[in-house]
Amino acid sequence: MRDGKLLQTLLGHSGWVMAVVFSPNGELIASGSRDNTINIWRISDGSLLQTLQGHSDWVLSVAFSPDGKLLASGGRDYAINIWKMREGRLLQTLKGHSWYVSSVAFSPDGELLASGSWDRSVRIWRLKDGLCLLTLRGHRYGVYSIVFSSDGELLASGSYDNTVNIWRLRDGSLLQTLRGHSAQVVSVAFSPN
C-alpha cells in the first residue's frame with residue numbers, strides 16, 4: 001500500500017464478481033460471482049486453489065469465520081451455504097429467507113452467523129445446528145449489508161430504505177435507526193471501539 005502499485009489481477013470467474021473477502025490470516029481471498037461459484041485464491045502467488053459450487057444462482061456475499069476454518073456464502077437462490085475451508089466441502093445449507101441473501105457475517109466468537117436479505121429481514125443462525133435463533137424485522141426495503149460489533153453484542157444493518165438499524169442481539173430489539181442518507185446503504189461497519 002505504500003506505492004499504490006497493482007500487485008496482481010485474479011482471473012477465473014466467467015461472470016461479474018459480486019463479493020470479495022480476505023481470510024483472517026491474510027493468506028487467501030474468496031470471491032463470489034454471477035457465475036454461481038466461489039473461487040479461493042492464494043494471495044502470495046495469485047493461484048486459484050479451488051472453486052466451490054453449491055449455489056444455483058449468483059453468489060452475492062462471502063465471509064470467513066474468525067478462525068478461517070469456515071466460509072459462508074449468500075446468494076440469489078435464497079440460500080446460505082457453509083463451507084469447510086480445508087476440504088472445500090459444503091457442510092450445510094441454511095434456508096429461511098424468502099428472497100436474495102445479500103449479506104452474511106460471522107459473530108466475533110464464530111458461533112453465530114447473521115444473514116441479511118432482500119426480504120427485509122436479518123436472521124441470526126446458530127452454526128452448530130443451523131437453527132435460526134432470531135429474525136429481525138424493521139426495514140421497509142431489502143437489507144443490503146450487515147456487520148457485528150467487535151464485542152458481538154450489537155448488529156448493524158444497512159438497507160435500500162436509506163437507513164441503518166442498530167440491533168441488540170441479546171433480545172433482538174431495535175435500539176436505533178440512523179437516518180440521513182438519500183440513497184441505499186450498501187455497506188456498514190463499526191469502529192473498533
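Predicted model: local features only at pLDDT ≥ 70, side-chain atom pairs only at ≥ 80, totals over all residues.
View 1. Residues are numbered from 1 along each chain as its sequence is written, and side-chain values use heavy atoms, with hydrogens and water left out. Strands (E, at least two residues) are DSSP runs, numbered from the N terminus. Strand E4 covers residues 48-53 and runs antiparallel to E3, joined by 5 bridges. Two strands pair if DSSP finds at least two bridges between them. The hairpin of E3 and E4 has 5 residues between the strands. Gly46 in this hairpin takes a positive phi near 75°.

**View 2. Strand E2 (residues 28-33) runs antiparallel to E3.** Here, 5 bridges join E2 to E3. Leu28 stands opposite Arg42 in E3. The E2 and E3 hairpin has 3 residues between its strands. In its turn, Asn36 has a positive phi of about 75°. Strand E3 (residues 37-42) is mostly covered, with 5 of its 6 residues buried. Buried means under 20% relative accessible area, exposed over 50%, and partly exposed in between (1.4 Å probe, protein chains only).

**View 3. His55 sits in the loop between E4 and E5.** Is His55 buried or exposed? His55 counts as buried, because its relative accessibility is 7%. Its side chain makes a polar contact of 2.7 Å with the side chain of Ser73. A polar contact of 3.0 Å joins the side chains of His55 and Asp77. A polar contact is a pair of N or O atoms within 3.5 Å; within protein, one must be able to donate a hydrogen and the other to accept it, and residues adjacent in sequence count only if both atoms are side-chain atoms. Leaving aside neighbours within four places in sequence, His55 is in contact with residues including Asn36, Ile38, Gly74 and Asn81. Contact means heavy atoms within 4.5 Å. Ile82 is 27 residues from His55 along the chain, and their C-alpha atoms are separated by 11 Å.

**View 4. Ser61 lies in strand E5 (residues 59-64).** Ser61 counts as buried, because its relative accessibility is 7%. The Ser61 side chain reaches the backbone nitrogen of Val104 at 3.0 Å. Not counting residues up to four places away in sequence, Ser61 touches Ala19, Ala72, Ser73, Gly74, Ser102, Ser103 and Val104.

**View 5. The largest pocket holds about 730 Å³ of space.** Which residues lie nearest the centre of the largest pocket? They are Ser61, Val62, Ser103, Val104 and Ile146, out of 32 lining residues. Strands E1 (17-22), E5, E9 (101-106) and E13 (143-148) each supply at least two residues of this lining. By class, the lining of the largest pocket has 24 nonpolar, 7 polar and 1 charged. Ala, Val, Leu, Ile, Met, Phe, Trp, Tyr, Cys and Pro count as nonpolar, Asp, Glu, Lys and Arg as charged, and the others, Gly among them, as polar. On a 1 Å grid over the protein atoms alone, a pocket is an open set of points where a 1.4 Å probe fits, with protein on both sides within 12 Å along at least five of seven lines; lining residues have an atom within 4 Å of a point. Grid points are joined across faces, edges and corners, and a volume is the space filled by probe spheres set on the points.

**View 6. The second largest pocket holds about 320 Å³ of space.** Its lining has 14 residues, and Leu28, Gly68, Lys69, Met85 and Arg86 are the closest to its centre. This lining divides into 5 nonpolar, 4 polar and 5 charged residues.

**View 7. Ala114 lies in strand E10 (residues 112-117).** Ala114 is buried, because its relative accessible area is 0%. Not counting residues up to four places away in sequence, Ala114 touches residues including Ser103, Val104, Ile146 and Leu155. Lys95 is 19 residues from Ala114 along the chain, and their C-alpha atoms are separated by 13 Å.

**View 8. Tyr78 has a positive phi of about 70° although it is not a glycine.** Tyr78 is in the loop between strands E6 (70-75) and E7 (80-84). Tyr78 is partly exposed, with a relative accessible area of 35%.

Notes: Helix = DSSP H or I, 4+ residues; strand = E, 2+ residues; numbered from the N terminus.
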